[in-house]
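Dear colleague,

Please find below the structure I promised to hand over.

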Amino acid sequence: MNCEDIKALLPDYCRLRADDDEAPMILLHLKGCPGCRAEEGDIRKAFGRIERDEPWKPDSYYWNNLSLRINERIYGGKEDRRPVAPYIRFTMPFAAAVTILILVLTAIKVPGPDGADGVLTSLKSMPAADLAEYYSVQSELSGMAQYEYEGAAQSGEAEDEILNEIVASDKNDLVSSYLDDDELLAIIDKEIEPAIVAALHK
Amino acid sequence: MEHKQDDELVRETLNGDHRSYDQLVRRYQERVYWTARRIVNSHDDADDVVQNVFLKMYEGLKNFRGDSNLFTWLYRITVNDSLNLLRKKRFLQYIPFTAEIEDKYNDPESAHDKIVRKEYQTLLESAIKNLPPKQRAVFTMRYYDEIPFEEMAKILKKSVGGTKANYFQAVKKITETLKREINA
């Protein structure tokens, strides 16, 4: 064997891992070859250094958590790789369809005594003054609107114009709460608005 | 805990017993981790490799014929996955990404790794980092895991002679790096 062959075997030889038939040949070669002996010395030193090496090690938390994370990826979470049982295959789409149906039905408001019609009926039965109070509370008009209105009146601004603005904005709020109901708009125009004007002019 | 043989745990896993699979993971996780860690030279990357190896193990159990040792099979997956990860990283170095992605992939170390390296990375780890991927794998397999050259050659799809030469080259490079660093 030449120097290149011997050098290739040196790492195993230095760690006593050389084959039984190779070790005597390497030993013999090293005795007569200073170049390979120097190489052997370097490798032994490097291995000695490696033996003392203490790499950073993960703690026990990491090891316990690792198998949990792997299990999570296999048996649960987004990467569920379990074979899907037949009943789950049908149950999940069925549940999704039912949920969507419920959402669609609740989005379509069916008029009834407890819906917008119910509110409308109550409003119609209320006296104009109570209606105005109800409306004031409902739209939080009473405090700020009256203050604004009075302030504007004192400063000589056109009362009707400001009042109309206030009523219009609050009318929109109220109406938007109960769909675009023409009848409700008519009630507001005919009854609520005059009642508010009357209340503000008291 | 009752010590069951691998094939028994494999059978129970295939019958849907999660705990048996968990036992298999716990039995081999450290060995898989350290093989991967020495090749990829980073905790975060080793963690990725370990998870993928065990996912592959789970998916492949039904095809596992049992004519080889379970760990031998896992070991092959680990070495190949580690090399694939290094290859992917090297490939990604040549693709112009946005700064954020570039930082993540171009830099072989994550932010966490950098902190860890500052405190813990040893001279040897630095030396190993300078080796080409296959030499890293060969060094890890032979030095730490004492895998026979014939087996290494099969895993890496190389000749036995080529694998021996690779091992010597790896040792030589590590020796030179250590010598340089110690003398510096």
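**Findings**

Along its sequence, chain B runs α-α-α-α-α-α-α-α-α-α. That makes 10 helices and zero strands in chain B, helices (H or I, at least four residues) and strands (E, at least two) being DSSP runs numbered from the N terminus.

The model is a predicted one, in which local features need pLDDT of at least 70, side-chain atom pairs count only at pLDDT 80 or more, and totals for chains, interfaces and linings use all residues. Residues are numbered from 1 along each chain as its sequence is written, chains are lettered from A and ligands numbered from 1 in the order in which they are written, and side-chain values use heavy atoms, with hydrogens and water left out.

Of the 184 residues in chain B, 48% are buried (under 20% relative accessible area, with exposed over 50% and partly exposed in between; 1.4 Å probe, protein chains only). Among chain B contacts (heavy atoms within 4.5 Å) between residues at least 6 apart in sequence, 61% join residues at least 24 apart.

Leaving aside residues up to four places away in sequence, B:Met141 touches B:Tyr75, B:Val79, B:Glu146, B:Ile147, B:Met152, B:Ile155 and B:Leu156.

A:Phe47 and B:Phe139 also belong to one aromatic cluster, together with B:Tyr143, B:Tyr144, B:Phe149 and B:Tyr167.

At the interface, 42 residues of chain B contact 35 residues of chain A. The two chains bury about 3,700 Å² between them, 60% of it on carbon and sulfur atoms (accessible area, 1.4 Å probe, lost on being put together and summed over both parts). B:Leu55, B:Tyr143 and B:Phe168 supply 17% of the area that chain B buries against chain A, more than any other three residues. Five salt bridges (a side-chain nitrogen of Lys or Arg within 4 Å of a carboxyl oxygen of Asp or Glu) cross this interface. A:Arg69 and B:Asp47 form a salt bridge at 2.7 Å, N to O.

With kind regards

Notes:
Rings of Phe, Tyr and Trp (its six-membered ring) pair if their centres lie within 6.5 Å; planes under 30 degrees apart count as stacked, over 60 as edge-to-face and the rest as tilted.
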